[in-house]
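Reader: I am new to this structure. Please walk me through it, step by step.

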Protein chains: 2
Amino acid sequence: MDICVTSLLRDKGFKVTPQRLAIYNALAATTAHPSAEMIYNELQPIYPTMSLATVYKTIEILKELNLVQILNVGEDSFRYDANTSNHPHVRCMCCGRVDDLHGIDSIDFVSRVSSQTDYTIQGQQFYFYGICPKCQNESAAKQ
Amino acid sequence: MDICVTSLLRDKGFKVTPQRLAIYNALAATTAHPSAEMIYNELQPIYPTMSLATVYKTIEILKELNLVQILNVGEDSFRYDANTSNHPHVRCMCCGRVDDLHGIDSIDFVSRVSSQTDYTIQGQQFYFYGICPKCQNESAAKQ
DNA sequence: GTCGCTGCAAATGATTTGCAGCCGA
DNA sequence: TCGGCTGCAAATCATTTGCAGCGAC
């Protein structure tokens, strides 16, 4: 993975720095879809001089290289995903966690939309909202 | 429509003011999914003392009354829709306009997702991205 | 007359930008 | 060496909040 990011950065004329690798690795190592601030807080202990600005600038570059995608789940801040495949996401309205939805085949749905609109469809984002298993259990336990 | 908004406001203990009616009417009269600033700019000539803060506060109330829904199409600002039915939206990546997608049946897709996740699904938002007919034509004309 | 509402101005908070010194190539 | 990069601080911008006077009821 690192080798891949390293060469991709170099190929596009970007310098390879410890911060950039750390930010990409932090994103690649989780499915929690962290926000910029969450990434910053996670790296702060390891890179005490790391700044939020660097996180934002790096994510901008990673987005250009198609190494991360940006999620807009309706919060005040964006979230980021190192899994750049076009998959739906679900957000827990109770605890705020954001998960991937695996194994959902949306090709039929997308092609149906494409054929029913005058737009040339180039991409899509599907966001679901609900209650995660953990919050369901906690809610049930309280009753 | 006005009668409906008026009584809904009153029923919930909110006062009925010209500003609130004007903001709701502005939203109900368009399918352009305006942002707060667009609504403000539209009403400014008619209500010269109207403030952006009032637009935001009113939209908050209209959301509580389920008279508008909030769209998060990946821009820096939110957009609002007086059509509160749960329908997909499409955004032109060229000119930025946001349109409704009518006649799309997503029930099968949603129920398939519901059955394949441990979440209790309570809602969803589908955003498509592409090029609108107008921009397609302009692009073709240039070639 | 009361109390919620408006609208101004100031505050907030996520993200961006400017810039001086640093460091990867 | 050298130009891009980091990280600090300041700027930006959408949205929210505080509050004094106003207006719906």
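Reader: Which pattern does chain A follow, read along the sequence?
Author: This is a predicted model, where local features need pLDDT of at least 70, side-chain atom pairs count only at pLDDT 80 or more, and totals for chains, interfaces and linings use all residues. Residues are numbered from 1 along each chain as its sequence is written, chains are lettered from A and ligands numbered from 1 in the order in which they are written, and side-chain values use heavy atoms, with hydrogens and water left out. Chain A has six helices and five strands, where helices (H or I, at least four residues) and strands (E, at least two) are DSSP runs numbered from the N terminus. Along the sequence, the pattern is α-α-α-α-β-β-β-β-α-β-α.

Reader: How far apart are the C-alpha centres of domain 1 and domain 2 of chain A?
Author: An automatic or database domain assignment sets the bounds. Chain A is divided into domain 1 (2–81) and domain 2 (89–142). The C-alpha centres of these two domains of chain A lie apart by 24 Å.

Reader: Which residues in domain 1 of chain A lose the most area to domain 2 of chain A?
Author: Buried area is the accessible area (1.4 Å probe) that two parts lose on being put together, summed over both. Between the two domains of chain A that is about 790 Å², with 45% from carbon and sulfur atoms. On the side of domain 1 of chain A, three residues together give 49% of what is buried. They are H33(A), L71(A) and V73(A).

Reader: Which side chains meet in a salt bridge in chain A?
Author: A salt bridge puts a side-chain nitrogen of Lys or Arg within 4 Å of a carboxyl oxygen of Asp or Glu. The rule finds one across the interface of domain 1 and domain 2 of chain A. At 3.0 Å, N to O, the side chains that meet in a salt bridge are R91(A) and E75(A).

Reader: What is the order of the strands in the open sheet?
Author: Two strands pair if DSSP finds at least two bridges between them. The open sheet has six strands with mixed pairing. Its edge strands are β4 (98–100) of chain A and β4 (98–100) of chain B, each pairing on one side only. The order is β4(A)-β3(A)-β5(A)-β5(B)-β3(B)-β4(B).

Reader: What is the bridge partner of R91(B) in β4(B)?
Author: Strand β3 (residues 89–92) of chain B pairs with β4(B) in the antiparallel sense. Three bridges join these two strands of chain B. The bridge partner of R91(B) in β4(B) is V98(B).

Reader: Which three residues of chain B supply 23% of the area that chain B buries against chain A?
Author: Contact means heavy atoms within 4.5 Å. By that rule, 40 residues of chain B touch 40 residues of chain A. The buried area between the chains is about 3,100 Å², and carbon and sulfur atoms give 62% of it. The 23% share, more than any other three residues supply, comes from F109(B), Y119(B) and F128(B).

Reader: How many residue pairs are in polar contact across the interface of chain B and chain A?
Author: A polar contact is a pair of N or O atoms within 3.5 Å; within protein, one must be able to donate a hydrogen and the other to accept it, and residues adjacent in sequence count only if both atoms are side-chain atoms. The count of salt bridges between chain B and chain A is zero. For residue pairs in polar contact, both at pLDDT 80 or more, the count is 17.
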